[in-house]
Amino acid sequence: MRRVAKVLTAKHRPRALLGLFLSFLAVFPIYFMVVGSISPVETFLRRDLGEILLPRAFVGDHMAVVAFDPVFLRFALNSMIVATGTTFVSIAVATLGAYSLARLRFPGGEVIGRFALLTYTVPSVLLLIPLFKIVVTLNLANNLVALIITYTTFSVPFCLWLLRSYFQSLPRDLEEAAMVDGASRLGALFRVILPLSVPGIVATALFAFILAWNEFLFALVFTTTSDVKTLPIGVSTTFTAEQTATDWAVAMSASTLSAVPIFIIVLILQRGLVRGITAGAVKG
Amino acid sequence: MRWGIRGLSLRNSERLLGIGLLFPTVALIVAVVLYPMISTLWLAFFNESLLRPNDPAEFVGLDNFRRLVTDGEFWKVVKNSVVLTAGAVAGEVIIGMIIALAVNASYRGRGLFRTLNILPWVIPSFVTAFVWVWLLHPQFGPVNAFLQLLHIIDEPIAWLSEGVTAMISLIAVYTWKGLPWTFLVLLAGLQTIPEDWYEAAKVDGASAWQMFWNITVPALRYVLVIVLVLRTIWTFNSFDMVYLLTGGGPARATLTLPMQVFTAGFREYNVGMSSAIAAVMVVLVVLLSLIMLRVGWVEEESQA
């Protein structure tokens, strides 16, 4: 058997190399961004490709400019508040809904489940004007709460579907055993199912966090002053005013720092990330 | 059936609990998705300004749609959206399939490989746009430097400042960002195909190309339809990277429908026009998905 495996590997080596090359193309722009944020600007003015691939010197100036900029930190704080708030609201609402869809039979449940999946393909621009009117009516214009409310439009359907399939993967015996022992259905949910679902709920929460952290359109429309702007709007309006190389190095630093939470989540989730993504995760 | 509470049978109490637990989800979706959706379709028949919210909206029937259909510029925007979506989805599926076939069953560092490759899909789109504007920079961008090094081009190209190259750039960036998802879903599909099928075909003397068309593609039919439908809808609906990379320019050459909905609503404050364009978008999205689902189903029937 081992010999067969060896022959296969040798034969497949050119294909694996192709895979490696294409994955280099996938990763290079991100590598370029990180290198760009810590390289002296001269590197880029010289257009030396070798030096871009293997930089010879590093500087921390551009990173420091961004990391100690109170405006940038304000954007980061706002992003953190909105993404965390959206995640908590979505998980709280969707956990109950997903359990109901996964386990409890009642008329219309299936139809509602399908409809919830469909709302995940609704274009955000379609909701823009009515949501704007709602936000203005509630007196929430230019307020982070408006973002949390509008982000649930994509976050709740998304969490609902990930959690539903997670609950469906748990054996039914779990609740039934608890209920035979005298627990109510609700008691079984809170004392047996939810504690067991912590890994699935955490993974779903991290996905919801990514979606909210990256959101652009609603933030563009519903926030106007820099004290409530999130990173996507704040950084893209503040850090590209000029076109000099130094400004670009600073922009690359701001981009890198804005993506740090995403990098961390990718590292935490690893395999779970791939599984979640192939289940229809993270809308582009 | 003894566990029922307060005289209700188990069946009924489960129903009540089911409805109760689902209620917050449904209420929220109705309030922030369903109501706004219907509201937009309704507003498409009115003339209203976002700047004067207290003025009564004036019913204008199909006027907004009539203006769109007779406006040559609007059809260019539709064409831009279709070109961008078709280009990016085709690029993702073709390249994604090549990588998936290449790494399937043979690649060792698969865990790390997958983790790194997922990055373009999950980083914020504004970060993607920033990096690519710099990569495509006419003077300092590595893309021009690389192409000049290979003598593919003689002079640096101002990628985002010419109509055609701006569209090509957008397609490339969207392909780059969507590729990880497409690749992973195709790979997951490939791994469900039993190795025996290929072994049997090899014994019968089938070429790699024949195996691809007669084993891989039919086995991946559903996965391919799902990938095509979802990527088409998501790319078609996408606003942020067009806005950030080209802003619809130069001279509206890359203006897409979502950009136009935003511009009509929040730059020109024309609620009716914005809603009418959004309504057209929904029709196109529904049509696109119906066509593709139909193609998948028809094939299924002819195979059965």
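Buried residues account for 46% of the 284 residues in chain A of this predicted model. The secondary structure of chain A consists of 15 helices and zero strands. When contacts in chain A between residues at least 6 apart in sequence are considered, 77% of them join residues at least 24 apart.

Chain A is divided into two domains, with domain 1 spanning residues 2-59 and domain 2 spanning residues 63-278. The C-alpha centres of domain 1 and domain 2 of chain A are 32 Å apart, and the contact between these domains takes eight residues from domain 1 of chain A and eight residues from domain 2 of chain A. On the side of domain 1 of chain A that touches domain 2 of chain A, the elements giving two or more residues are helix 1 (2-38) and helix 2 (42-45) of chain A; helix 1 of chain A supplies the largest share, five residues. By residue class, this side of domain 1 of chain A divides into six nonpolar, two polar and no charged residues.

Between the chains, 81 residues of chain B are in contact with 83 residues of chain A. Within the side of chain B that touches chain A, helix 1 (residues 10-43) of chain B gives the most, with 20 residues, and the residues of this side of chain B comprise 61 nonpolar, 15 polar and five charged.

The largest nonpolar core contains 163 residues, of which A:Leu128, A:Leu147, A:Cys159, A:Ala208, B:Leu245, B:Val261 and B:Ile277 touch the most other members. Helix 8 (residues 144-169) of chain A gives the most to this core, with 16 residues, and at least three residues of the core are drawn from each of domain 1 (2-59) and domain 2 (63-278) of chain A. For B:Ile277, one of the residues that touch the most other members of the core, the contacts that remain when neighbours within four places in sequence are left aside are with B:Leu68, B:Leu257, B:Gln260, B:Val261 and B:Ala264. B:Val261, listed among these contacts of B:Ile277, is itself one of the core residues that touch the most other members.

Two further sites in chain B were examined individually. In helix 7 (residues 142-149) of chain B, the residues B:Pro142, B:Val143 and B:Asn144 are buried. B:Val143 is classed as buried because 20 other C-beta atoms lie within 10 Å, and the threshold for this class is 20 or more. Leaving aside its neighbours within four places in sequence, B:Val143 is in contact with B:Leu135 and B:Leu136. The C-alpha atoms of B:Val143 and B:Pro156, which are 13 residues apart along the chain, are separated by 9.2 Å. Just after helix 7 of chain B, B:His151 takes a positive phi of about 60°.

Between B:Gly178 and B:Ile193, which are 15 residues apart along the chain, the C-alpha separation is 24 Å.

Key: Residues are numbered from 1 along each chain as its sequence is written. Chains are lettered from A and ligands numbered from 1 in the order in which they are written. This is a predicted model: local features need pLDDT of at least 70, side-chain atom pairs count only at pLDDT 80 or more; totals for chains, interfaces and linings use all residues. Domain bounds come from an automatic or database domain assignment. Two residues are in contact if their C-beta atoms, placed from the backbone, lie within 7 Å. Helices (H or I, at least four residues) and strands (E, at least two) are DSSP runs, numbered from the N terminus. Ala, Val, Leu, Ile, Met, Phe, Trp, Tyr, Cys and Pro count as nonpolar, Asp, Glu, Lys and Arg as charged, and the others, Gly among them, as polar. A nonpolar core is a set of buried Ala, Val, Leu, Ile, Met, Phe, Trp, Tyr and Cys residues joined through C-beta atoms within 7 Å. A residue is buried if 20 or more other C-beta atoms lie within 10 Å of its own, exposed if 12 or fewer, and partly exposed in between; C-beta atoms are placed from the backbone.
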